[in-house]
Each structure stands twice: as C-alpha cells, then as structure tokens.
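Please open the model in your viewer and keep the sequence panel beside it.

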Amino acid sequence: MLAIVGPTGVGKTAVAVGVCQAMGGEIISIDSRQVFRGIEVASNAPTVEDLGGIRCHLVGVLEPSEKVDAARYIKMARPVLAQVRIDGSLAVLTAGTGLYLKALLEDLPLGGMTPRPEERARLEARAASDLPALFAELERLDPKAAGAIDPKNPVRVVRALELVLGRAADASQATPAPRPIPAIKVGLTAPRDVLYQWIDARVGGMLERGWREEVESLLAMGIDPRRQAFSGLGVAEMAEVVEGRMALDEARAVISTKTRNYAKRQLTWFRADPEIEWIDVTATGGSDIVDRVSTMLAKK
RNA sequence: GGCGACUUAGCCAAGUGGUAAGGCAGGGGACUGCAAAUCCCUCAUCCCGGGUUCGAUUCCCGGAGUCGCCU
C-alpha cells in the first residue's frame, strides 16, 4: 500500500493517477472535506478528467448535512481498502488530512460514541463562557484524557468531554485493539513561495469552475453553509458574497490566506512523521516522480 | 503658493519624557475522535537632521513624504 501525502495544491492526485496507471491501482482519498457531495469545487475534489479513468474512493460520498470525524472515516475506509486488495489492485491513499491517515494506518483505538446534539450544544455554550470550568470537569471525569489536552483549546476540551459523556451513555462501544497497516509514505512538497503561488492561482481557478454557483445551490437547498462541516472551506466566505455582505475580491483574498495557512499546518503535521520520504515536485518532473515512487514500491 | 493634519513592523493600529498594546500576514510548533478546524510560541526600536533634557518614539526647530482645505 502506498500513501501520498502533502499540502493542498502540490499535485497529489496527479502523481497518484500516474502510479495507478503504471501499476494498476485505485485511489482512496483521505480528506475530511472531499468526502462531501456538493462542495466539489470548494474542496477541490478531483474531477473525472483529473482521474483519467482511475477509480477514486471516498470522494463525494456523504451528504453535506452529515458529519465526519476520524472514527467514522476509518470505519468507511477499512472496507474500501479491503475490497481494493481483494480485487488485486494497489491501494494508493492520497492524504491531505493527516489525522485521518494516522487513524487508519495506525488503527487508532477509536471506539464508537452515541451523538447527543443537545449535550454538545450545552458544552459549546459553556466553553464560550467559562472554559477553565469545563476543563476542570473533564479533569474530574477523565483525568487521563484531560492530561493529554491543551486546556486553552476549546474545541479539544469540548470534544473530549463529549466523548467521555457519550461513552458513559453507551457502554457497548468497546475500543478495538490496534492493528497497524504497513504502508510506504511519500510526501510531496515544494518551496513555500512556489506553493503559495499555486494556491493563489488555484483559488482563482475555483472561481471559474463555479465556486460561487456551488454555494448558491447549497443555499438554495436550504443547507446552512456555515455549518461546521464546511468551516474553513471558503464556503462561508462565498455565502457572504452571495448574500452581498462581502466583496468577491475580499473573499478571494481571505480564502487564499486561509488555504496558505492550512498548507503550512499540513506541512507541520507531515514533517513530524519520520517515515515519510519527501520529493520536491519542483525539482523532479512529473513522470520522474511516478518512476521514483514506483521504484520505491518495487523495493519493498 | 498658503494653511492644517498625519508619518509607529509587510499591512492595520494603540501609546508614553525613562528605552513601544493589540490584530492580520510571515516563521516555528502541538494535535489518538469536530483537524480545510482548534490551540501555543515567535516577529519594531517609533520618516530624516538638529535642539531641549540626566534621558525623546513622545517636547521644539528644520527637511521629506502623504492627505485635506484654500488661492
């Protein structure tokens, strides 16, 4: 199995397609946003042309009204992975979401959890008004979880408490023992300034591919584009544009910046993984990258 | 040409006679359950010259630039 990782915009899909064509493989996308249907442009999901006939799993498979997290993602990914192997194909994971890839490959013991929206809303309200108190409660209920969490990070504190309370409400959700999946990891990267230029250009391209229209139809369907699943996608900004509260150029600038910030965070995440073999895509031609990756696969 | 205001980091922006808030961007980092999210760390000597003063970014004079008004 091969995992191709790297920041948004480096060209993971193109390399994955090349490898699949050369070696007979299928792509499994590990991306927390491209899983959703209806935000293809905003999430820069691979198009039919991008894929050049190669099968690509886990893109556009959830309704925009649904939610994902690492546990749900690996629950979906495992059977897909198994099927690709049964078919005798090479599984090529393209991963932008580091946590999900880690959860899948290292088989993190994420048990189930019964969602409880009211509880969740209550916790978020409390986090907004008195985060320290909420953290104190977490320390009381689950000292181990509390010890692993940044007390200043409201998202983490809320989620940890939600999990603790959710598991208590549903004791049947046992956590499985980890069974790590071996994989060759290749990281694609580029000089920062080049990467940022690509991102800026890509945001412009998204406009031409119907980014605004996409958000308009989400709004028309009555889906609130500000819901959590769309956070940070530029969907919220675009909705402001559609509703006449933000200038298009401003939205474009904001989204470019957010995307650059995201790419930087991805790089930080993946850099910490010593198993990744890095390839600077600006120093190696497209077909050479595919050759290199193929050689690495053959050696193992 | 005259009068007035302004001039603080890449951008926005507070402020004080004793050596400069904050936000954004940038850089670094954390992240085993919302991760395109969230959080942490880091980043200036205050337009130039002269003067007053123990000490000036802060006061005074001159210069430059920007903006506004007037002729």
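**Before you start**

This is a predicted model, in which local features need pLDDT of at least 70 and side-chain atom pairs count only at pLDDT 80 or more, while totals for chains, interfaces and linings use all residues. Residues are numbered from 1 along each chain as its sequence is written, and chains are lettered from A and ligands numbered from 1 in the order in which they are written.

**Stop 1: the whole chain**

Select chain A, which has 13 helices and six strands; helices (H or I, at least four residues) and strands (E, at least two) are DSSP runs, numbered from the N terminus. The radius of gyration of chain A, taken over C-alpha atoms, is 20 Å, close to the 19 Å that the globule rule (2.2 Å times the number of residues to the power 0.38) gives for 300 residues, so the chain is as compact as a globular protein of that length. Along the principal axes, the C-alpha atoms of chain A fill a box of roughly 55 × 50 × 35 Å.

Of the 300 residues, 34% count as buried, where a residue is buried if 20 or more other C-beta atoms, placed from the backbone, lie within 10 Å of its own, exposed if 12 or fewer, and partly exposed in between. Two residues are in contact if their C-beta atoms, placed from the backbone, lie within 7 Å, and of the contacts in chain A with a separation of 6 or more, 76% are between residues 24 or more positions apart.

**Stop 2**

**Stop 3: strand β1**

Select residues 2–5, strand β1, where Leu-2 and Ile-4 point one way, Ala-3 and Val-5 point the other way, and all are buried. In a regular strand the side chains alternate between the two faces of the sheet. Four bridges join β1 to the parallel strand β4 (residues 90–95), and four join β1 to β5 (residues 184–189), also running parallel. Ile-4 stands opposite Thr-94 in β4 and opposite Val-186 in β5.

Stay on Leu-2, which is buried, with 24 other C-beta atoms within 10 Å. Leaving aside neighbours within four places in sequence, Leu-2 is in contact with residues including Val-19, Leu-90, Val-186, Val-293 and Leu-297. The C-alpha atoms of Leu-2 and Thr-94 are separated by 8.6 Å, although the two are 92 residues apart along the chain.

**Stop 4: helix α13**

In α13, Ile-289, Val-290 and Val-293 are buried. Seen down the axis of α13, the buried residues fall within an arc of 100° (that of the directions from the helix axis to the C-beta atoms), so they line one face of the helix. These buried residues pack against β1, α1 (12–23), β5 and β6 (276–280), whereas Ser-287, Asp-288, Thr-295, Ala-298 and Lys-299, on the other side of α13, are exposed.

**Stop 5: the nonpolar cores**

A nonpolar core is a set of buried Ala, Val, Leu, Ile, Met, Phe, Trp, Tyr and Cys residues joined through C-beta atoms within 7 Å. The largest nonpolar core has 63 residues, and among those with the most contacts inside it are Ile-4, Val-15, Ile-28 and Leu-93. Helix α1 gives the most to this core, with six residues. Apart from it lies another core, of nine residues, among them Phe-135, Ala-160, Leu-161 and Leu-165.

**Stop 6: two loop residues**

Finally, select Asn-44, in the loop between β2 (25–30) and α2 (48–51), which has a positive phi of about 55° although it is not a glycine. Leu-58, in the loop between β3 (56–57) and α3 (70–86), has a positive phi of about 65° and is not a glycine either. Most residues other than glycine have a negative phi. Asn-44 counts as buried, with 25 C-beta neighbours inside 10 Å, and Leu-58 counts as buried with 21.

Methods: Two strands pair if DSSP finds at least two bridges between them.
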